[in-house]
Amino acid sequence: MAKFQGIDYYKLDDHFSEEELMVRDMVRNFVENEVLPDIEEHHKEGTFQKDLIPKMAELGLYGANLPEKYGCANLNNVAYGLIMQELERGDSGVRSFASVQGALVMYPIYEYGSEEQRQEWLPKLASGEAIGCFGLTEPDFGSNPGGMKTKAVEDGDSYVLNGAKMWITNGTISDIAIVWAKLDGVVRGFIVPTDTDGFSAPEMKGKFSLRASVTSELVMDDVRIPKENILPNGEGLRGPLGCLTQARYGIAWGALGSAMATYETALNYAKERIQFDKPIASFQLVQDKLVTMATEITKGQLLAYHLGRNKDEGKMRHQMVSMAKMNNVKVALDTARVAREVLGANGILDEYPVIRHMMNLESVYTYEGTHDIHRLIIGADITGIEAFK
Ligand code: TGC
Ligand code: FAD
């Protein structure tokens, strides 16, 4: 099969800088050489490929849009997006690992943390020496995190945390958890070392999606942490929601990588598979499917590209991110489902990446705000009327 080229129907490459293209191609090669050879095996076994952790750090992929003085790559947001695109071409679980580490653990420390917290944690997280997770969702509060029950209580020089989080990416393998809890009724962020007494992070099993990613519960039973572990800035739900904006931005790009992987597989297959003495690519109905995939991916690329430039120019609103996350993940999921169809029975085999991407995307469609929650966020923005309460 031809080496991955991606899709560039609208000549977007002409608009990327040399540095952006260099970063993209570096991660593309990394995925080709380090992720793809083993990913199906990890998916089958339900394990995360841990040897990728230092390798991704070496390439500067964690918190890549954060400043150099904290050990980060200081790239612009378009280059950051291209990193997410290429990682998710490999597997959504690999992109998830990097997304959580950068956008949901390093970003809140950078944005809401004290200078001491930044100095202590960001270099370790950038180098992969420390791994983090982000605990917002609870068993009874998913789309509505504002209802969370996890509580922090002040006690002398400490805060004592009690509660439970669920569906937490990287939880079991983390050194620190960014835990969102209510202190006197107000949502606050806390840096919780996972070896603190009373803290446990059992891995959740039985997933048919994101099998090559660790997903965990976080259980906190009288977890006592020093007072200096609170994130001093960013009170209220806007704290965690601000982190979600960063991660959703990455997903808007990442989903395109997944879509390009399944589209390319379907295109190559359709050109080679002979039925009725012709390649199936010669049939109009099959061409219709391929054209829809290529068109939707191209539209998604334009959305992500302009979102990135807006972000770099400080013009991005979080509702714009909702539109790109919502649209591009749906495009990727539809592309994977149709690619599966084009491959016929072969579409259900792990010999091709299609069914794995399709199953992964069911999670991506739901996490970081479900597809419908993003529709409601945009609906509220354009009408001025909130429909989710
Ligand atoms: P609401 O009153 O609308 O907002 C509260 C405050 O937050 C502000 N805000 C945002 N700020 C930054 N970015 C955003 N995206 C923001 N959305 C809202 C808002 O302006 C307000 O500020 P202020 O100053 O007025 O206080 O809050 P609400 O309770 O009505 O909820 C709104 C809703 C439903 C949209 C929100 O709760 C939501 O987005 N729910 C979805 C939950 C979600 O996305 N969870 C994701 C968990 S993490 C995850 O899935 C990681 S997967 C990682 C991986 O593996 O890749
Ligand atoms: P619910 O909120 O119960 O929603 C169920 C259905 O109801 C959805 O279709 C939803 O759209 C719909 N719905 C809900 N409210 C409304 C409404 N007002 N109007 C119309 N429809 C509505 N969370 C973290 O904090 N950290 C993580 O690292 C993390 N990683 C994850 C990894 C995986 C693999 C998965 C699957 C999830 C992860 N999550 C994480 C949790 C994720 O963010 C939540 O699953 C998501 O926010 C949705 O919450 P829920 O599953 O409880 O669904």
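User: How many residue pairs are in polar contact across the interface of domain 1 and domain 3?
Analyst: The rule finds 15, with both residues at pLDDT 80 or more. A polar contact is a pair of N or O atoms within 3.5 Å; within protein, one must be able to donate a hydrogen and the other to accept it, and residues adjacent in sequence count only if both atoms are side-chain atoms.

User: Which helix gives the most to domain 1's side?
Analyst: α3, with 10 residues on the side that touches domain 3. Helices are DSSP runs (H or I, at least four residues), numbered from the N terminus.

User: What is this model, and how are things numbered?
Analyst: This is a predicted model: local features need pLDDT of at least 70, side-chain atom pairs count only at pLDDT 80 or more, and totals for chains, interfaces and linings use all residues. Residues are numbered from 1 along each chain as written, chains are lettered from A and ligands numbered from 1 in written order, and side-chain values use heavy atoms, leaving out hydrogens and water.

User: Where are the domains?
Analyst: Domain 1 is 12–126, domain 2 is 132–235 and domain 3 is 239–383. The bounds come from an automatic or database domain assignment.

User: How many residues are in contact between domains 1 and 3?
Analyst: 30 residues of domain 1 meet 35 of domain 3. Contact means heavy atoms within 4.5 Å.

User: And how many salt bridges?
Analyst: The count is 4 between domain 1 and domain 3. Each puts a side-chain nitrogen of Lys or Arg within 4 Å of a carboxyl oxygen of Asp or Glu. Separately, Glu20 forms a salt bridge with Arg309, with the closest N and O atoms 2.9 Å apart.

Key: Helices (H or I, at least four residues) and strands (E, at least two) are DSSP runs, numbered from the N terminus.
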